[in-house]
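Colleague: Before we look, could you take me through the terms as we go, and tell me on what grounds each one is applied?

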Amino acid sequence: MKGWLLAALTAILLLAGCAEEPKGSPAKAAETVPLGELNLVLSRDLTLQNTKESSLSSFYKDVLYVYDWKDRGKLKVKVRTIDNGDRFVMMQLRNATNEPLSLKADVQQSKANDYYFINWRRDIKERKHDPVIGKDVTTPPSGLLRYSADGRFLYEAVVSKQYQSAVKTQLYENGRQSTVRELTAEKETLHHKMDGFSFSLEAPPNQLAEQWFLLAKEPLFKNGDGLSSWIDFQHAHYKEVNNWFTVDGAIKKLPWSIEPFTKEGYGRHLGTLIEKEAIDRYFKYGDRYFYDLMVQSAANLLEYRQQQKSTVWKTEYTSTWLKQKYEITSPYLDTRHNELIALYLYRIGKEFDKKELTGALTDYADYLLNLIKIDNIVHTPKGYLPADYYSAHQGKQFIHTSLNHALGEANLLIDAYKATGQKKYLLAARQIRLGVESLGTKWIRPNGDLWYQVNRDLTFDGNDYEQLTLDDLERHEKKWQALGGSKSRMLQTLIESKRKAIQQ
């Protein structure tokens, strides 16, 4: 047993061969999905309707298996093979009846004579109600399995919890729609023993049951400290990680201000489709698990954009706040989310020479320039500020600009200029910088903090983020000076005022 494992044992619950299958013989498998040297065996009599292969990047290859369960429902199995040989497997059972449906899924192998299981559960305080999203009840994967034969590594697996949900859709007169998931249960169904692991997909009447697992050809973590740190992070910073992967991407807890309304609303949230922490950890530590999550994230984003037949990423659920104020319904563009996505995909693409990813930076930068051209901006005494959102079907009222969005767009345009040398991006960044400066100390609230947003009529409103905008201001100044520009006295005034407000 490797040294790092011994260190991990003091902090991680280690179970070796202690979770046996329930008594009774499993049903004879009718279908088998190949997973390299392993097989996924399905316990029900299913009919394979079609198999579809696809890939939007050389990072991965997808094979989607679609099974018909007579008149009861459908099963989808997506096998995503990463370029390092590891496999993400996402499963979705759709129940079309008024009775519960259940099928067993086995990952079988016969070579192992030793295995262990590291439980990813942590004893932590119950999550508090969040004023924006309410309560996210999803939790990290069940844990990590390692199988070996006579001391020789065979494979590792990370297995998720199971998620049961109902699809809720709101239709609009213009043919658009808003789609969310209503989570009805998260369940632990994993069983493991020497010859593999299994779980049961259990779909309630007219609902979905979904589960995923990752198979790795090499150890996923270099040492126990890295694994333990990641387990802790997932629990402590649960808003920043994805627990629920589906055949269509990652699903995350949504704000209560959504339509159709449900307190248990989940969906594909663009702010977390990028696995920021995992990607940052991969570039810092190089662990295989973070590489796999990075590729999974990039693949999900590329697939999302293709489904929408767009060069950018549009939010697919309606915000009731935006609907009431600006008559915007989904899909619509959120500039900050697109900025973040474009920058991370560019970072990954540049590191691994993937043009399909580096192109995200200029795709979005060009889209932003087009929004400026059609006057989707807040006009300022000098320059302008791009509006936070855009929809071709939005109402007549003009949309505001928040300071953090404006700075983020300026920073992205600077990056696009550095990547291409095209001055159109630099000129636009300068106009946004002038727009912020020209409003001067009006950005500062009476208490010294900054206003969150400026409206089309140049009135100010909203409580600012505690730290985010300060980081954006400081980052913008560094980027501008790196181009040979000089410090802005006005931006320094805003920075100093914001710092003092935070320290109070």
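Modeller: Let us start with residue classes: Ala, Val, Leu, Ile, Met, Phe, Trp, Tyr, Cys and Pro count as nonpolar, Asp, Glu, Lys and Arg as charged, and the others, Gly among them, as polar. By those classes, the lining of the second largest pocket has ten nonpolar, ten polar and eleven charged residues. This is a predicted model, in which local features need pLDDT of at least 70 and side-chain atom pairs count only at pLDDT 80 or more, while totals for chains, interfaces and linings use all residues. Residues are numbered from 1 along each chain as its sequence is written, and side-chain values use heavy atoms, with hydrogens and water left out.

Colleague: What makes a space a pocket, and what makes it a cavity?

Modeller: On a 1 Å grid over the protein atoms alone, a cavity is a set of points where a 1.4 Å probe fits but cannot get out, whereas a pocket is an open set with protein on both sides within 12 Å along at least five of seven lines; a lining residue has an atom within 4 Å of a point. Points are joined across faces, edges and corners, and the volume is the space filled by probe spheres set on them. The largest pocket holds about 1,900 Å³, and of the 50 residues lining this pocket, H269, G271, H337, Y465 and L468 lie nearest its centre. Its lining divides into 18 nonpolar, 15 polar and 17 charged residues. The second largest pocket holds about 800 Å³, and among its 31 lining residues D248, R268, Y304, Q307 and E316 are the closest to its centre.

Colleague: Which residues line the largest cavity?

Modeller: They are P141, W230, Q234, V241, N242, F245, E275, Y289 and L293, around a volume of about 50 Å³. By class, six are nonpolar, two polar and one charged. The second largest cavity, of about 40 Å³, is lined by D375, N376, I377, A387, Q394, F398, I399 and R456.

Colleague: Why is S228 called buried?

Modeller: Buried means under 20% relative accessible area, exposed over 50%, and partly exposed in between (1.4 Å probe, protein chains only). S228 is at 13% relative accessibility, and therefore counts as buried. S228 lies in helix α2, where W230 and Q234 are among the other buried residues. Helices (H or I, at least four residues) and strands (E, at least two) are DSSP runs, numbered from the N terminus.

Colleague: How do you know that the span of α2 is close to what is expected?

Modeller: The expected span is 1.5 Å times one less than the number of residues. Helix α2 (residues 224-236) has 13 residues and reaches 18 Å from its first C-alpha to its last, close to the expected 18 Å.

Colleague: What makes the approach of the S228 and R122 side chains a polar contact?

Modeller: A polar contact is a pair of N or O atoms within 3.5 Å; within protein, one must be able to donate a hydrogen and the other to accept it, and residues adjacent in sequence count only if both atoms are side-chain atoms. The contact joining S228 and R122 is 3.2 Å, which is within that limit.

Colleague: Why are β28 and β29 called paired?

Modeller: Two strands pair if DSSP finds at least two bridges between them. Strand β28 (residues 451-454) and strand β29 (residues 460-463) have three, in the antiparallel sense, so they qualify. One of the bridges has W451 partnered by N463 in β29.
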